[in-house]
Amino acid sequence: MNNLHAPTIPSGPTSGPATNGTTGHLGFAELQQKKDNIEAELKALGSVLDSHGVDMNTPLLTGDGFPRSDIDVAQIRTTRARIIRLKNDYKELMANIEKHLHEHFANAVDATESAPSAEAVGASGILPDSEAQSLDAPFAKVNSVAPNSPAERAGLKAGDEIRNFGYVNRANHDGLKKVAECVQANEGSNVFIRVSRLSGVAVREELRLTLTPTRTWGGRGMLGCHILPM
């Protein structure tokens, strides 16, 4: 009885098949569709909890240890279990989407440009971008970068305008919420970024960076930079 408030896997069928370990073979369009489906279902499940006036951490027992009579305890437990499962699926899905993006851009570089010289790469490992005609419009600007942070190690600088942050772009960033989701889903993994940087007077340089979010770098957050929507 003391564990009644803890989520458990529902005994009946869920609204969709599990994705754990099964998304690696899917194409990019299929992965994006699954992403949209999971986000929609998570939103619907969140509404179920909201309708009961609870969240993922609200106790389902009274102070003396009995199930609360003012809410549907069984439905809430099942809903919570489904949310936990979907969030795990979502994390795997985001990793596979990032993998597809890295492979796509790597293939594009191989097909359209020769290996850059040591002078072009420089000590930072930042690569110039030669695909200006296909670049998305910037959606965020780097306001500050902390010393020795993942952002600084990746080569980000204050003033950089972000065109792509992993799978996030101007069309889908949702007030930078998707950037936060991308960071959370890719802790310890590489995230591909396109930035536009002012170089000289009224001249912008297009760069491709690789950022690895981590919470153990010694500062605040997993990036160590502050970005603002444009």
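Me: Which residue is the bridge partner of isoleucine 162 in β4?

Reply: Helices (H or I, at least four residues) and strands (E, at least two) are DSSP runs, numbered from the N terminus. Two strands pair if DSSP finds at least two bridges between them. Here, in a predicted model, isoleucine 162 has valine 195 as its bridge partner in β4. The strands β3 and β4 run antiparallel and are joined by four bridges.

Me: What should I keep in mind about the numbering and the model?

Reply: Residues are numbered from 1 along each chain as its sequence is written. The model is predicted, so local features need pLDDT of at least 70, side-chain atom pairs count only at pLDDT 80 or more, totals for chains, interfaces and linings use all residues, and side-chain values use heavy atoms, with hydrogens and water left out.

Me: How many bridges join β4 to strand β5?

Reply: Eight bridges join β4 to β5 (residues 204–211), and the two run antiparallel. Valine 191 stands opposite leucine 211 in β5. The two strands form a hairpin with five residues between them, and glycine 200 in the turn has a positive phi of about 85°.

Me: Is strand β4 mostly covered or mostly open?

Reply: In a regular strand the side chains alternate between the two faces of the sheet. Buried means under 20% relative accessible area, exposed over 50%, and partly exposed in between (1.4 Å probe, protein chains only). Strand β4 (residues 191–198) is mostly covered, with seven of its eight residues buried.

Me: Which residues have a positive phi although they are not glycine?

Reply: Asparagine 148 has a positive phi of about 60°, and aspartate 174 has one of about 55°. Asparagine 148 sits in the loop between β2 (140–145) and α4 (150–154). Aspartate 174 is in the loop between β3 (161–165) and α5 (177–185).

Me: Why does asparagine 148 count as exposed?

Reply: Asparagine 148 counts as exposed because its relative accessibility is 56%. Aspartate 174, at 46% relative accessible area, is partly exposed.

Me: Where is threonine 79 found, and what does it touch?

Reply: Threonine 79 is found in helix α2 (residues 73–112). Threonine 79 counts as buried because its relative accessibility is 7%. Contact means heavy atoms within 4.5 Å. Not counting residues up to four places away in sequence, threonine 79 touches Leu45, Val48 and Leu49. A polar atom of the threonine 79 side chain lies 2.8 Å from the backbone oxygen of glutamine 75.

How values were computed
Polar contact = N/O pair within 3.5 Å; in protein donor to acceptor, adjacent residues only side chain to side chain.
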